[in-house]
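Let me put the structure up, and then I'll walk you through it.

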Amino acid sequence: MSRVTIKDKTFETSIPEAEILERVKKVAERINKDMADKNPLFIAVLNGSFMFASDLMKHITIPCEISFVKLASYEGTTSTGKIKEVIGLNEDIRGRHVVIVEDIVDTGSTMKRMIETLGTREPASLHISTLLLKPGKLQVPLDIEYVAMEIPNDFIVGYGLDYDQQGRNLRDIYTLVNE
Ligand code: 5GP
Ligand code: MG
């Protein structure tokens, strides 16, 4: 176990790089099989998914395309609180088989919003792939087909995920140490 300090917090290695890469490869193999003749369009959600998207794509061996979106969040006026807007998607996804590439699904509200937004653009099918899922936190019904790893409810950083924009460059995944 190694520890890192980011700003005011301490984190400890919880998933080493080798294990992450193994799990990512397994997800890629499933997608290769399921989508072999579908020319899927991967839509990676920035910033957090950049490392996952990169390693995932290295193991995708079928014809495919990739594009990137960002989510702009602002305080909504309804009781749902934070609403996220999908920005930067220029591709026409009508009739396409779309695979969303996300870093982590926590409550699931971000993914729900993505599915609703992309759904209005009439894709042939919509699939979710996520590096990490916290099953204990999921609050909305979501069909998440491709999950690389399930983790406990703790806050993590590394492999693209940040704490206050820091730590995205770490190769391993680290969990917050509660002191
Ligand atoms: P959800 O909408 O599913 O509740 O939240 C998803 C978003 O919250 C993720 O895309 C990510 O930005 C952030 N998030 C949730 N859990 C974690 C975590 O443990 N670490 C980091 N760095 N971000 C998280
Ligand atoms: Mg994310």
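Predicted model: local features only at pLDDT ≥ 70, side-chain atom pairs only at ≥ 80, totals over all residues.

Residues are numbered from 1 along each chain as its sequence is written, chains are lettered from A and ligands numbered from 1 in the order in which they are written, and side-chain values use heavy atoms, with hydrogens and water left out.

Back to glutamine 165. Its phi is positive, about 75°, although it is not a glycine. Glutamine 165 counts as exposed because its relative accessibility is 51%; the cut-offs are under 20% relative accessible area for buried, over 50% for exposed, and partly exposed in between, with a 1.4 Å probe and protein chains only.

Asparagine 39 is another non-glycine residue with a positive phi, near 40°. You'll find asparagine 39 in the loop between helix 1 and strand 3, and with a relative accessible area of 30% it is partly exposed. Asparagine 47 sits in the loop between strand 3 and helix 2.

Now the metal. Which residues coordinate the magnesium ion, ligand 2? They're Glu102, through OE, and Asp103, through OD, at 2.2 to 2.6 Å. Donors here are N, O and S atoms within 2.8 Å of the metal (3.2 Å for Na, K and Ca), and water is not among the atoms, so the site may look incomplete. Glutamate 102 and aspartate 103 are both buried.

Glutamate 102 also takes us to ligand 1: one of its polar side-chain atoms lies 3.5 Å from an oxygen atom of that ligand. A polar backbone atom of glycine 108 is 2.8 Å from an oxygen atom of ligand 1. On the nitrogen side, a backbone N or O atom of isoleucine 156 lies 2.8 Å from a nitrogen atom of ligand 1. By itself ligand 1 exposes 510 Å², and the protein buries 80% of that; those areas come from the Shrake-Rupley method with a 1.4 Å probe, and for residues only the protein chains shown count as cover. There are 15 residues around ligand 1, and Thr107, Thr110, Lys134, Ile156 and Asp162 come nearest. "Around" means that one of a residue's heavy atoms lies within 4 Å.

On to the inside. In soluble globular proteins, nonpolar side chains tend to be buried together. By nonpolar core I mean a set of buried Ala, Val, Leu, Ile, Met, Phe, Trp, Tyr and Cys residues joined through side-chain atoms within 4.5 Å. The largest one here has 28 residues, and Ile31, Leu56, Leu131, Leu132 and Ile173 touch the most other members. Elements giving two or more residues to this core include helix 1 (17–34), helix 2 (50–58) and strand 7 (125–133). Helix 1 provides the largest share, 5 residues. Apart from this core lies another, of 17 residues, among them Val45, Ile93, Val98 and Leu133.

Aspartate 55 lies in helix 2. Is aspartate 55 buried or exposed? Its relative accessible area is 13%, so it's buried. The side chain of aspartate 55 makes a polar contact with the side chain of tyrosine 159, at 2.6 Å. For a polar contact we want a pair of N or O atoms within 3.5 Å; within protein, one must be able to donate a hydrogen and the other to accept it, and residues adjacent in sequence count only if both atoms are side-chain atoms.

Histidine 59 is in the loop between helix 2 and strand 4 (65–75). With a relative accessible area of 29%, histidine 59 is partly exposed. Leaving aside neighbours within four places in sequence, histidine 59 is in contact (heavy atoms within 4.5 Å) with Lys25, Ala28 and Asn32.

Definitions and conventions: Helix = DSSP H or I, 4+ residues; strand = E, 2+ residues; numbered from the N terminus.
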